[in-house]
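Subject: Handover of a structure for your review

Dear colleague,

Please find below the structure that I am handing over to you.

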Amino acid sequence: MLRPALCSPTAWLQLGAHLCPPGRKPKPRGGPAGAPGSRARPLSGRAVVNKVLARRKRKRRVSMAAAAAAAAGPVFWRRLLGLLPGRPGLAALLGRLSDRLGRNPDRRRRRSPWLLLAPLLSPAVPVVTSPPCCLCAEGVHRFQWIRNLVPEFGVSSSHVRVLSSPAEFFELMKGQIKVAKRRVVMASLYLGIGPLEQELVDCLESTLEKSLQAKFPSGLRVSILLDFTRGSRGRKNSRTMLLPLLQRFPEQVRVSLFHTPNLRGLLRLLIPERFNETIGLQHIKVYLFDNNVILSGANLSDSYFTNRQDRYVFLQDCPEIADFFTELVDAVGDVSLQLQGDDTVQMVEGMVHPYKGDRAAYCRAANKRVMDVINSARTRQQMLHAQTFHSDPLLTQEDAAAAGDRRPAPDTWIYPLIQMKPFEIQIDEIVTETLLTEAERGAKVYLTTGYFNLTQAYMDLVLGTRAEYQILLASPEVNGFFGAKGVAGAIPAAYVHIERQFYSEVCSLGQQERVQLQEYWRRDWTFHAKGLWLYLAGSSLPCLTLIGSPNFGYRSVHRDLEAQIAIVTESRALQQQLHQEQEQLYRRAGVVSSATFEQPSRQVKLWVKMVTPLIKNFF
């Protein structure tokens with residue numbers, strides 16, 4: 001079984017114990033709205049763990065069955081597989097292709113009959129009509145099991161603001177840079193080379209200059225983390241844009257360029273520019289100014305400031321969250337190449353080189369560096385929670401807050417979810433799978449991605465669980481690769497092919513009413529939004545959202561470095577903000593039907609259909 005380094009059997013049991021601690025009986029369900037007993041009863045910890053583990057075992061059996069089918073295919077395929085030892089995933093893929101071309105055309109329809117029975121495998125859940133996320137005096141909510149894996153940050157919803165447009169995102173960043181006194185931390189895939197990006201660099205330069213000329217220097221530090229391959233593309237690139245800052249403020253500016261350990265040796269020499277970015281990237285998008293943080297999926301490029309739709313959330317005056325993401329970016333920066341003033345790069349002294357050194361040693365060091373940040377922050381927040389809620393049982397939370405020696409009770413909780421599969425860190429994958437697994441009948445999940453290419457695990461959960469799904473994806477015309485030169489220009493067609501396959505699967509299982517696809521379209525815009533909103537059964541507002549860099553695809557899970565946050569809130573005002581954000585995006589979408597794929601623009605060339613299964617794990 002594939003398991004992240006932190007999720008040992010003991011950690012799984014701890015997760016289960018936290019979901020339903022010993023001695024705490026689940027409250028009865030079905031009470032009147034607002035009643036203490038009206039909160040949806042969570043499954044026991046062992047039940048959640050067992051369901052996730054059972055699903056993974058089931059997935060492994062399906063892969064083994066696919067490999068067996070490949071072995072029984074035509075002689076040509078058996079010979080081809082003999083040339084690919086140690087590649088069970090590719091063997092399974094070729095086996096499925098063989099079945100479709102050979103004598104068993106109906107296998108695809110029959111290969112997942114368990115999905116039809118999945119809703120019957122667990123006890124029926126009555127419809128919950130009470131408000132979501134009713135809390136006990138200790139602030140316990142149904143998603144608090146996440147804090148067994150990552151730090152939990154309790155905040156007031158008044159400190160959380162949802163942004164809606166690229167222009168608002170750009171102007172907010174410039175304004176925050178201008179007033180920063182202590183730190184500016186920016187993590188992105190790359191920095192563009194246009195006039196708007198130069199305006200952002202000029203803001204940084206001006207703020208750094210002011211910090212030096214101030215009567216009492218503030219000690220402002222700027223840390224920028226980008227991807228090495230994407231940031232080095234072309235003669236003018238992210239590196240050349242930032243060199244003036246490094247040369248003028250060498251003591252205050254740090255530029256780190258992450259290089260995936262999977263791109264090395266002969267592979268690194270042979271794969272040309274642009275194509276080398278398919279192997280793995282630094283994909284985290286965090287923008288931090290003193291104690292204010294912007295989490296987004298947007299990069300630092302002109303289209304993301306003008307007409308490329310994404311999602312953005314602004315966390316104001318949240319020092320603990322700002323400290324965590326500063327430490328996280330520093331940790332990834334420490335295992336990255338450091339840009340020098342002469343445009344050369346070098347590693348931090350004592351650190352294993354990502355592509356010249358031993359790969360296993362590098363990944364172990366990176367895992368330790370990142371996990372130290374996560375675990376230390378989790379310990380700090382647990383201690384803070386204990387001090388806030390348990391240090392003096394004679395005082396109520398309200399009394400303590402009035403006395404000034406306690407923080408006011410939060411109504412919103414932030415959980416940073418990190419995914420770095422090259423380093424065996426799979427927290428985001430575990431949490432996302434568990435959220436989809438536990439989505440109950442009557443719940444609604446609005447899931448959006450700019451690049452629709454779900455992993456098989458996520459696809460199985462969408463098709464096999466009981467919640468309703470509204471999946472928003474980019475129409476070909478608003479795909480970021482639409483109109484690109486060369487092979488990249490065929491990528492939108494490949495996504496259409498993947499979308500059509502998934503839609504056919506939905507139809508073959510009779511799930512059209514429960515799982516619905518919608519395509520975003522807006523003239524002269526592109527679409528890059530990703531994340532999800534969870535509406536519990538009986539609620540018209542979401543109580544949880546995921547927002548950040550992951551696209552729910554193979555790359556996000558297996559290749560790239562990703563980070564997003566789970567926001568859980570009982571604040572009706574914040575729930576309204578999230579609901580309005582969701583509605584604003586879906587308002588520009590059209591429902592996908594069989595007729596959608598009959599349009600001339602949706603006709604996919606044969607070579608694209610043949611190549612897509614072989615390359616879908618790279619984009």
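The notes below describe what was found, beginning with the model as a whole.

This is a predicted model, in which local features need pLDDT of at least 70 and side-chain atom pairs count only at pLDDT 80 or more, while totals for chains, interfaces and linings use all residues. Residues are numbered from 1 along each chain as its sequence is written, and side-chain values use heavy atoms, with hydrogens and water left out.

The mean pLDDT (the predictor's confidence in each residue, from 0 to 100) of the protein chain is 82, and 73% of the residues reach 70 or more. Where pLDDT is low, the predicted coordinates should not be read in detail.

The protein chain contains 21 helices and 21 strands; these are DSSP runs numbered from the N terminus, with helices (H or I) of at least four residues and strands (E) of at least two. Of its 619 residues, 54% are buried. Buried means under 20% relative accessible area, exposed over 50%, and partly exposed in between, with a 1.4 Å probe and protein chains only. Among contacts with a separation of 6 or more, 78% join residues 24 or more positions apart.

UniProt, in an unreviewed entry, places the feature "domain: PLD phosphodiesterase" at residues 278-304; its positions are given in the numbering used here, feature names are shortened, and annotations may be inferred rather than shown by experiment. The end C-alpha atoms of this span lie 21 Å apart, and the span is 11% helix and 33% strand.

Asparagine 291 is found in the loop between β6 (286-289) and β7 (292-296). Asparagine 291 counts as partly exposed because its relative accessibility is 23%. Its C-alpha atom is separated by 5.1 Å from that of aspartate 317, 26 residues away along the chain. Beyond neighbours within four places in sequence, the contacts of asparagine 291 include Arg182, Arg183, Leu315 and Asp317.

Helix α16 (residues 427-437) is mostly covered, with eleven of its eleven residues buried.

With kind regards

Definitions and conventions:
Contact means heavy atoms within 4.5 Å.
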